Amino acid sequence: MNPSTKIVRINVNARGTTSIDDLPTDILSSEILVRLPAKCIGVYRTVSKQWLSLLSSKNFILRHCRHISTSYKQMFFSVSLFQSSVFPVTFDPSDYLPKTLIPLPTNTYWYDVRVLTSFDGLVCLSFRGTQKMILWNPLTHATKFVSSTLSRGRFKQKTDAVGLYVSPSNEYMLLHAKRRNGSMKLYKYSSRCDSWRKMGFVDERKYHNYKMSWSNGTFFQGVVYFIVKVDAAGMGNYLFGFHVDSDELKSKPKPATTKHDGDGSLVVVRNQLHMFVANSLPNWSLHLWRMDGENWTKIWVRQNILPPSLFGRTITYVVSTGKFLVVSRSGTVFEIDTTKNGIECYHPVFSESSIQGAVYTETLMSPDF
């Protein structure tokens, strides 16, 4: 017998049969219940007080979230004209997309909401009028305002960037890069402690330049990555990484692109960080790079096409389709299919106007975790 093999002893009842009640609690939790969709967990909490306690524990919620986020089908949350809804990420024109209408948090109006980013089932929203930000779980409707006095947690569309991540102590955090009063400042919000803290930032004034635009953050293996786009001709782009273990923001190597490179956007695919880059002159093209250690490898390219603007958009790899869903801040959603050639490799998937959204996975994660 393999020494690493785990022996499980299951009790047999008086009838000589076994039932789910005979399974050890740790096996039931770690091998069976953790694989169920979040909606099912809500139902099973009503089975007994023991199950309610087990399925409501922080340990189970965290393990369930880690498993579901990497293996279960993703959902798309959208805010469009007069409604907000969620539906499966399929986007096959021949398929009917069954939408589930859900109320927006705090009874706000659809036109006052900005969808900023999502992570582990939590969605970060801001409000146009007050600039306040909230963390929200669309499945459980749990909501938490993160704004405070002294203008902490207030998001400006053209100057700020945010990123959600989880700390080494499994605490959910919100990183906020904000340009104010001639300098770039970095703050992090602790959901557990409900407090903001200012981080150190090298060359605060250098990266405040009005010609620079920051993407929202992409969390990957302990680092929140930001692309900084420089609008000045021939200046190229920067890549920064905020290391969550040391709270340090560092310059990171980027793909070996040219000065004519335009927009870029980061995406995690099968536990590896990738970057789409749209090139302009001398030939329009779309490139996909993969980060290998400290280097980048080009793995896909389509030449002589006019790629869409990528900066300021979120790109998500859809596990169920093998395609990439691109959601813009301005209200367009399209798909990138790396198996097709020419202009067929990307196409719009929504005809609705004024749509915002984010790809997420339904979890039980609470904004207070």
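How many helices and strands does the secondary structure of the protein come to? I found four helices and 25 strands, taken as DSSP runs (helices H or I, at least four residues; strands E, at least two) numbered from the N terminus.

A note on what I am looking at: this is a predicted model, where local features need pLDDT of at least 70, side-chain atom pairs count only at pLDDT 80 or more, and totals for chains, interfaces and linings use all residues. Residues are numbered from 1 along each chain, and side-chain values use heavy atoms, leaving out hydrogens and water.

Next I checked burial. Of the 369 residues, 50% are buried, meaning under 20% relative accessible area with a 1.4 Å probe, protein chains only.

Then I turned to β4 (113-119). Six of its seven residues are buried, so β4 is largely enclosed by the rest of the structure. β4 runs antiparallel to β5 (residues 122-127), and six bridges join the two; strands pair when DSSP finds at least two bridges between them. Val115 has Leu125 of β5 as its bridge partner. The two strands form a hairpin with two residues between them, and Asp120 in the turn has a positive phi of about 55°.

β17 gives the most, with six residues. I also looked up contacts, which are heavy atoms within 4.5 Å: among those between residues at least 6 apart in sequence, 45% join residues at least 24 apart.
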